[in-house]
Amino acid sequence: MSTESKIKPIPGTAPPPVGADKTVVKAINLSGGIFGACPAYVDVKDGKVVRIRPLHYDSKYDYESFNPWEMERNGVKLRPLSKSLPPPWGLAYKKRAYSPNRIPYPLKRVDWDPNGERNPQNRGKSKFVRISWDEATDIIASEIKRIHKQYGPLAILVQCDGHSESKLIHAPHGCSTLLLKQMGGFTQQVRNPDSWEGWYWGAKHVWGKGFIGNMAPAENLVKDITENTELLIVQGGDLETTPWGFRGQFASRLMFFWQEAGIEQVYICPDLNYSAAIHANKWIPILPNTDAALQLAIIYMWVTEGTYDKEYVATHTVGMDKIEAYVLGKVDGVPKTPKWASEKTGIPSYTIKALARHWAKKRTTVGHYFGGGYIRGPYSTEPARLEVILLGMQGLGKPRVHHAQIAYLGMPKNITWDQLNYDIASTDTAGGFQEYSGTFETLKAKDPELYERIFTPHRSTPQAWGKQLIPKTLIEAAIKAGTDKSIEFWGTGGHEEEPIDQVIKYTYPCKKGDLRFTGSDKKDLAHDDTDIEKIYEKIDYDGVPIRMVWTDTPCRQTCWGDGFDIGMTIRSPQIEFVLAQHPWLENDCLYADIILPTNTTLEVDDVMPCVRDGEHFQTMINMRQAIPPIGESKSDFEAVVEIAKKLGLEKEVTIGRTVQEYVEGVYKGMNFDKIVPWEEFKEKDYMVIPVSKNWKKLPAGLYEFYKDPEKNPLPTPTGKLEFCSTNLEKYFPNDEERPPYPQWIEKGITHDERLSSPRARTYPLLIITNHPRWRVHAQADDIPWTKEAMTGKIRGFDGYLYEPCWINPKDAAARGIKTGDIVKVFNERGIVLCGALVMERIMPGVVSVDHGARTDIIIPGKLDRGGAINLISPGGLTSRHAGGQATTSFLVEVQKVTMEEYEKWKTEYPEAWNREYDRASGLKATAWVVRGDE
Amino acid sequence: MGKKVFLVDCRICNGCYSCQIGCKDEHVGNDWTPIAKPQPEIGQFWFKLHEKVRGTVPKVKVAYRPGLCMHCDNPTCKEVCTAGAIYKRDDGLVIIDPEKCTGCRRCVEACPYEDVIYFNEDLNIAQKCTGCAHLIDGGWKETRCSDNCPTLCIRIVDEDSEEAKEFIKDAEFYKPEIADKMKPRVYYKGLPKKFIAGTLFDPVEDEVIIGAECKLTGEGKTYSVTSNHFGDFWFENLPDGKYKLEIKAGNKSKVIDNIDATELDVNLGDIPL
């Protein structure tokens with residue numbers, strides 16, 4: 001396949017802002033956190049957005065001054081373009097700002113009375129009335145004071161983590177912690193690794209901590225794959241979907257470049273995902289969550305044919321004998337042959353053999369971009385660990401032998417790597433962010449007060465730092481434990497935890513004497529339990545059951561497991577007050593008692609270092625306000641300041657500085673003024689961080705370990721790749737769901753979601769719930785223009801925009817389903833209505849519904865019209881001792897909705913069925929507001 | 001001002017719809033009179049990305065075709081317009097003057113390409129792609145669709161530029177049968193043709209068959225490939241038609257006749273030998 005070379009840089013054209021009176025720069029990616037991506041120009045006229053378009057890096061600087069990198073393979077070259085590559089919803093983001101689903105003013109649930117009847121049973125059912133900011137913040141301040149007095153500060157659960165718009169100062173998540181940390185702390189919902197759980201809970205026990213569980217170091221992977229890889233196996237992930245929300249569309253250019261340069265791409269996934277659809281040399285459809293069987297059969301082939309690197313295995317790994325015995329059937333009497341795997345995976349055994357041989361023969365990299373059916377399902381620890389073992393058997397760390405989150409890590413370093421670091425007082429960059437550029441460490445050293453103000457809100461996404469902790473996957477279990485029972489869990493799930501954290505038992509409510517991590521500055525420790533006492537200490541306080549929830553992350557029902565149960569559980573009378581702050585009236589907001597309207601990046605002044613890997617260049621941008629706030633909205637930070645004022649803590653939250661002082665302080669504190677002076681930056685609104693002249697010098701991936709494992713050991717107890725884990729063997733020797741070495745788990749106490757289950761007689765289809773193509777998880781479901789893509793939404797006969805359910809023509813024909821039909825996707829956890837999309841892009845026996853659609857609950861706990869598929873996904877953890885979610889690859893049935901059924905729902909639930917609806921963008925906020933109070 | 005041409009390379013379209021969305025971002029809710037009045041919020045596509053799923057599991061590909069007004073040098077829309085509202089600019093762009101259009105809809109019916117001219121009921125005018133003439137006039141060298149495109153699969157350039165000459169050399173037209181008449185200014189590469197593919201395996205040995213000679217005959221031509229390391233054979237970019245496949249692997253052979261690729265791509269499935 002040749003594309004000739006259209007993939008070359010084209011000199012910039014720096015388009016002028018036609019028809020605008022103001023142009024500002026914004027990071028319009030939706031991964032949130034403390035780093036942005038996808039800088040874009042926003043043209044504004046008379047306070048309204050005219051257009052959003054790519055930033056042309058060379059608008060105000062000379063392209064060559066960025067020292068652009070170049071890569072080459074087989075005479076084909078790749079260089080950065082002179083523009084950013086925002087994703088489609090970023091380019092349509094004005095529709096998100098002007099959405100009819102924006103919350104217009106503060107709201108209070110009609111039947112929630114803080115001084116009387118609270119009616120928790122009506123959460124998600126009753127509507128809201130308009131109140132003023134003054135009234136809302138009075139109630140909130142008095143509730144906080146009451147709860148603190150009555151139960152103590154830890155009775156407030158803060159949900160403030162995950163993805164969002166990228167704003168540094170007006171952080172969409174976590175500003176509440178700026179206030180609550182002044183008031184004795186809070187209970188933290190700890191975000192689990194929600195897109196790579198298998199690597200976090202599994203692969204860490206093979207190669208050590210890695211980068212949040214992924215292979216690390218991961219430097220220069222893009223260069224090394226370009227130069228050395230012959231075969232790229234993409235298992236599960238979608239390079240044409242998931243990178244969009246995080247880094248924009250550079251990965252697309254990269255995959256086309258590799259294609260053109262002759263690197264073979266093989267995709268193993270149940271669906272012809274968007275990347276496979278255009279880049280695959282070969283698509284191998286596999287039944288969801290059966291990758292472990294395929295991997296075991298490949299190991300069987302390599303063992304029986306002697307086609308793996310025995311010398312490397314002898315010197316770099318431990319536990320191969322156990323793996324070999326297991327695949328040969330010496331442990332359970334079942335040899336893991338291609339024929340055995342064929343029955344599990346649906347892949348012909350001759351294809352499995354061909355793949356095993358081709359992999360052994362070619363210089364092979366395994367590529368991903370998180371997500372997909374491979375890594376988020378039940379028991380995802382097993383395929384993740386087997387992947388590392390497969391790579392280990394072929395010499396992990398050798399040139400081209402990598403696990404690569406493609407372009408998420410491993411892009412050329414910028415000059416902050418070699419020119420700014422000299423100025424960092426503390427050179428320690430322990431924790432997850434060392435991959436980026438260490439700029440926050442600089443700020444910490446230069447202006448610790450500002451660092452605390454800026455970093456604190458963002459902390460809860462990667463770190464478990466609250467005084468009392470509940471993993472995000474166990475919130476419902478914690479609430480159900482009531483006020484007299486407790487729950488226990490192993491490992492917090494915090495992204496930056498050491499692997500050893502997973503053997504530590506935590507409790508909620510926490511108890512005096514429980515261990516807590518203290519050693520963020522002690523890196524390279526905690527490989528085995530002898531290190532525990534060096535980095536953990538015993539807490540000297542008791543926790544309490546939670547009584548209030550404060551969320552700025554109101555998407556649990558559509559993004560986490562068993563979503564219907566999440567909605568039902570928050571109705572517990574134990575939860576006396578639910579406070580939500582959010583720009584849009586959606587998902588969990590509808591289960592709140594008070595809702596504060598916050599606003600979008602277009603409505604505030606902010607600043608953003610866009611220094612993550614995965615774009616053409618890294619930038620620092622001055623994100624000036626584009627338009628005035630919509631309605632009565634305030635930023636998430638401003639909302640918290642309003643509450644702080646009522647509690648007399650304004651100065652403590654704001655540190656007495658203005659937004660402009662934050663902007664300047666961050667810019668200088670991160671040493672960006674050493675590249676472009678502050679005044680020039682302020683005038684130009686952006687600067688491009690030049691590429692390091694030394695970027696090629698960094699060895700790729702685990703090369704140093706490959707060269708000399710004794711001198712450069714892995715952070716595991718043995719320093720080797722642990723095919724059988726020392727820690728798991730010691731702490732969980734009898735765990736049948738995550739055994740000391742990876743195995744095939746047909747079912748277990750946690751999950752029963754395979755075709756062999758008796759449940760499959762009633763629910764015979766396996767469903768995958770990929771990261772959405774046209775959203776970022778729950779974000780951006782109200783943009784009308786993405787819905788018009790063929791796979792965007794399906795307009796039913798009733799005019800409603802249904803979330804597509806991909807179904808193979810064979811399965812559709814057997815059920816009398818055709819494209820456009822309203823179908824119900826269901827299991828014993830409930831019913832989700834979708835629009836059928838009958839296509840050959842999904843293998844027979846499998847259906848696919850992207851997760852994250854806005855809920856539109858018709859019958860609480862039972863029926864949803866919005867297509868929020870996680871409402872019926874499993875609620876259990878990855879496995880007993882692995883606290884991830886398992887929200888893909890589970891059993892369902894799909895049927896066409898009959899007219900009788902349709903009419904019945906419509907008649908029995910008229911109010912829910914006839915909610916105000918915008919034909920272009922869908923659900924409207926006003927549907928939930930009681931009128932007449934305005 | 002040089003005359004503009006659009007160069008569209010379908011082979012590097014990733015299907016992100018940023019072109020279609022950019023057109024809406026530019027034209028929905030924005031009034032660029034005298035070039036264009038606002039586009040309706042949904043349902044009309046002055047720039048439309050066409051998407052087609054080809055083949056059957058597991059030999060499936062997706063074809064995208066970015067589609068827009070062809071800005072023909074012989075525009076039938078202009079010919080049939082009795083209000084004199086449709087004109088061709090010196091740079092080759094064809095514009096429907098939103099102030100002169102009387103809403104007779106003749107142009108909508110006359111355009112031989114689908115999904116190009118739309119009728120805006122609210123404004124009672126015909127509307128279509130303007131080539132972002134208001135931006136070109138304001139100093140842009142691109143259109144919104146091309147500026148938004150992450151892979152540069154859509155380009156608008158001067159027809160006498162090196163880039164245009166290089167591209168046009170072996171480019172094709174959408175609906176080539178009417179190209180001589182219409183003289184469209186949109187050049188394509190990689191418009192989808194047909195494929196015929198399959199996998200060869202030995203059911204006794206339970207192995208794929210690598211290196212089998214596969215000869216495909218049809219539409220007056222013969223094509224040869226050998227099956228690859230997965231036992232797969234692919235014949236791509238075939239003209240519509242009926243074909244005959246002869247497979248030879250050692251002393252085994254097979255002939256599959258009457259393969260119908262006139263309408264659809266063909267996956268012959270896993271073929272035992």
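Mentor: We begin with one residue pair: A:Leu231 has A:Glu264, in E11(A), as its bridge partner. Strands (E, at least two residues) and helices (H or I, at least four) are DSSP runs numbered from the N terminus. This is a predicted model, in which local features need pLDDT of at least 70 and side-chain atom pairs count only at pLDDT 80 or more, while totals for chains, interfaces and linings use all residues. Residues are numbered from 1 along each chain as its sequence is written, and chains are lettered from A and ligands numbered from 1 in the order in which they are written.

Trainee: How many bridges join strand E10 to strand E11 of chain A?

Mentor: In general, strands of a sheet pair through backbone hydrogen bonds, either parallel or antiparallel. Two strands count as paired if DSSP finds at least two bridges between them. Here, 5 bridges link E10 (residues 231-235) with E11 (residues 264-268) of chain A, and the two run parallel.

Trainee: In what order do the strands of the open sheet lie?

Mentor: The order in chain A is E12-E11-E10-E14-E15, 5 strands with parallel pairing. E12 (282-284) and E15 (403-405) of chain A each have a single partner strand, so one side of each lacks a neighbour in the sheet. From one strand to the next, the twist averages 25°.

Trainee: At what angle do helices H10 and H12 of chain A pack?

Mentor: Axes are lines fitted to C-alpha atoms, for helices over the stretch in contact, and angles run from 0 to 180 degrees between N-to-C directions. H10 (residues 291-305) and H12 (residues 320-327) of chain A pack at about 100°, with axes 9 Å apart. H10(A) is therefore roughly perpendicular to H12(A), a term for angles of 65 to 115 degrees. Residues are in contact if their C-beta atoms, placed from the backbone, lie within 7 Å. A:Leu296, A:Ile299, A:Tyr300 and A:Val303 of H10(A) meet A:Ile323, A:Glu324 and A:Val327 of H12(A).

Trainee: Which residues have the most contacts inside the largest nonpolar core?

Mentor: In soluble globular proteins, nonpolar side chains tend to be buried together. A nonpolar core is a set of buried Ala, Val, Leu, Ile, Met, Phe, Trp, Tyr and Cys residues joined through C-beta atoms within 7 Å; buried means that 20 or more other C-beta atoms lie within 10 Å of a residue's own. The largest such core has 357 residues, and A:Cys805, A:Val825 and A:Val847 have the most contacts inside it. H10(A) supplies the largest share of this core, 10 residues.

Technical notes: Parallel < 35°, antiparallel > 145°, perpendicular 65-115°, else oblique. Contact = placed C-beta atoms within 7 Å. Buried ≥ 20, exposed ≤ 12 C-beta atoms within 10 Å, placed from the backbone.
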